[in-house]
Structure formats: C-alpha cells, structure tokens
Amino acid sequence: MSAVWVRFARPCGSISFGKLQDAGKNVQVHAGDLFALPTPTTELLEVSTVRFLSPIERPPKMLGLWNNFGERAIKEGWTRPANPLYFLKASNSFSADGMPIRRPSGYDGQIVFEGELGVVIGRRCSNASVEQARECIFGYTCVNDVTARGLMTRDNDFQQWTRAKGCDTFAPFGPGVATGIDPYALSVRTLVNGVEKQNYPVADMFFGPYEAIAAISWDMTLEPGDVVALGTSVGAEAMQAGDVVQIVIDGVGTLCNRMAD
C-alpha cells in the first residue's frame with residue numbers, strides 16, 4: 001500500500017514524523033525509527049497546524065546522476081554510459097520545501113534548476129543485485145539539483161562538480177517520501193512561476209532506480225537515509241531572482257522553493 005511519510009515541527013517547536021492521511025489533510029504521528037518499523041500512535045494532526053521539514057533530518061550523503069536520460073543524451077550528443085555517472089552533493093546544500101535557494105557570494109553567473117526523482121535508501125546496501133537493491137529502497141522524493149553552471153567550468157584543467165552543485169541551499173528535497181509505488185511509472189515535471197519547463201518519464205532513464213542503486217552499491221556502501229537523485233532530462237534552465245520553482249511528481253509530492261533576491 002502506498003504512503004507518504006513526512007517530518008515536521010509542531011507549533012511548540014518539537015519535531016516528529018508520520019504518515020499523511022485523509023488525502024493529505026492530516027498526518028498520523030509515528031514513534032520510533034522511520035527505517036525500522038515505525039509505530040503509529042493515536043495522535044492525528046491537521047497538516048495546517050505543522051511545518052514540514054526535510055523528510056530525512058541529515059542524510060549521510062546525497063548522490064546525483066548525470067547523463068541518465070535518452071532524450072537529453074540525443075539532444076546533447078552524448079553517448080549512453082556503461083555505468084551510472086554520479087557526483088556527491090555536500091551536506092550543507094541540503095534544504096527543505098519552502099526554503100529559499102540562495103546565490104553564493106561572489107558568483108553572478110547562471111544558477112540552474114534540475115527537477116529530479118530522488119531515491120531514499122532504507123537499509124544498508126552493498127554489492128547488491130538489482131532485486132536486492134529494490135529491497136534496500138525505502139521510498140522516493142522530489143529533488144531540485146541546483147547547479148551554478150559557471151563554477152563548473154571556471155578552471156580549464158578541472159571541472160568543479162562539487163563546487164558547482166554543493167553550495168548552500170543547492171539540494172532542496174521533499175516534502176515527503178513516498179513508499180509502495182512503482183517508480184518506473186512516474187513522470188517528473190518542473191514548473192517555474194506556474195509555467196511548465198520540464199515533463200519527462202522515469203521510463204526514459206538509462207539506469208532506472210533499481211539498476212542505478214545496484215550499480216552504485218558495488219562502488220560504495222549506501223546507508224539508510226542516503227538520497228540518490230537520478231538525474232534530469234531536457235528543459236533545465238537558469239533561474240532568476242524571485243522565481244518560484246516547483247518539482248511535481250504525481251504520487252510523490254510537490255517540492256516548492258523560491259530563488260532568493
């Protein structure tokens with residue numbers, strides 16, 4: 001059965017987590033560990049009375065895939081990679097739904113949105129088969145892989161992926177984590193100020209969620225709470241100050257962030 005899990009702050013400031021109920025109007029509070037048989041309580045709160053936080057308090061790491069979509073590879077003239085191509089997003093870049101995306105000091109170039117499906121790992125995953133990788137996935141979330149493109153190629157001798165993608169606030173994700181869904185049937189849409197800029201199917205991935213997680217697990221161990229953003233397709237563009245960017249994945253949620261002035 002599908003469900004959407006959220007982490008939230010109460011008016012008093014205490015932090016809890018739970019499962020959305022009643023078409024997202026309420027949240028059933030749970031106790032324990034999100035990844036280890038969370039226990040439902042009798043407490044039911046109206047969503048309007050709480051403030052959503054990042055669904056994972058502090059992911060051990062976030063990985064992002066590059067060149068993972070057939071349509072974009074054709075447009076850019078890229079070849080299909082033999083293995084997933086990925087980079088790390090720094091922990092200081094993690095941000096929540098509703099939080100502003102901030103321009104780094106001293107940089108006046110393009111800052112680009114990239115709407116993506118994120119995989120949330122639920123159990124330790126190492127040297128996994130595709131089927132084992134599937135069992136290690138807890139659920140799915142929305143990710144905006146924000147990129148300062150001008151920083152990536154500022155040095156002719158070294159492409160600075162970590163710098164370009166690891167600035168403060170450059171990895172908003174959430175607002176929840178959806179479980180019990182078929183990720184291969186999903187589509188990712190990105191809207192800027194209400195205008196659709198991206199709309200692409202997960203089925204166009206070179207490495208789908210299960211295949212990507214399995215392959216990565218042979219390089220590095222994935223831990224509960226890790227997030228793997230599966231890459232973006234065509235339509236990513238530069239943001240302007242004041243732009244409101246929504247990453248919309250039906251069945252998963254809507255992540256909304258504003259580019260700060």
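## Aromatic cluster

In this predicted model, W66, W78, F87 and W161 are linked into a cluster by ring pairs, where rings of Phe, Tyr and Trp (its six-membered ring) pair if their centres lie within 6.5 Å. Residues are numbered from 1 along each chain as its sequence is written. Local features need a pLDDT of at least 70 and side-chain atom pairs count only at pLDDT 80 or more, while totals for chains, interfaces and linings use all residues, and side-chain values use heavy atoms, with hydrogens and water left out.

## Two aromatic pairs

A pair of aromatic rings is described by the distance of the centres and the angle of the planes. The F35–F138 pair links distant parts of the chain, since F35 sits in the loop between β3 (26–33) and β4 (36–46), while F138 belongs to strand β11 (residues 137–144), 103 residues apart. Here helices (H or I, at least four residues) and strands (E, at least two) are DSSP runs, numbered from the N terminus.

W66 and W161 also form an edge-to-face pair, with 5.9 Å from centre to centre and 75° between the planes. Because W66 lies in strand β6 (residues 62–66) and W161 in helix α4 (residues 161–165), the pair ties together parts that are 95 residues apart in sequence.

The term covers values between buried (under 20% relative accessible area) and exposed (over 50%), with a 1.4 Å probe and protein chains only. F35 also counts as partly exposed, at 24%.

## An open sheet

Four strands form an open sheet in the order β15-β14-β17-β18, with antiparallel pairing, and two strands pair if DSSP finds at least two bridges between them. β15 (195–201) and β18 (253–258) are the edge strands, each pairing on one side only.

Within this sheet, strand β14 (residues 187–192) and strand β17 (residues 244–249) run antiparallel and are joined by 4 bridges. V192 stands opposite V245 in β17.

## The annotated region

UniProt, in an unreviewed entry, lists residues 77–259 as "domain: Fumarylacetoacetase-like C-terminal"; such annotations may be inferred rather than shown by experiment. Over residues 77–259 the chain is 14% helix and 34% strand, with the end C-alpha atoms 30 Å apart.

Key:
Rings of Phe, Tyr and Trp (its six-membered ring) pair if their centres lie within 6.5 Å; planes under 30 degrees apart count as stacked, over 60 as edge-to-face and the rest as tilted.
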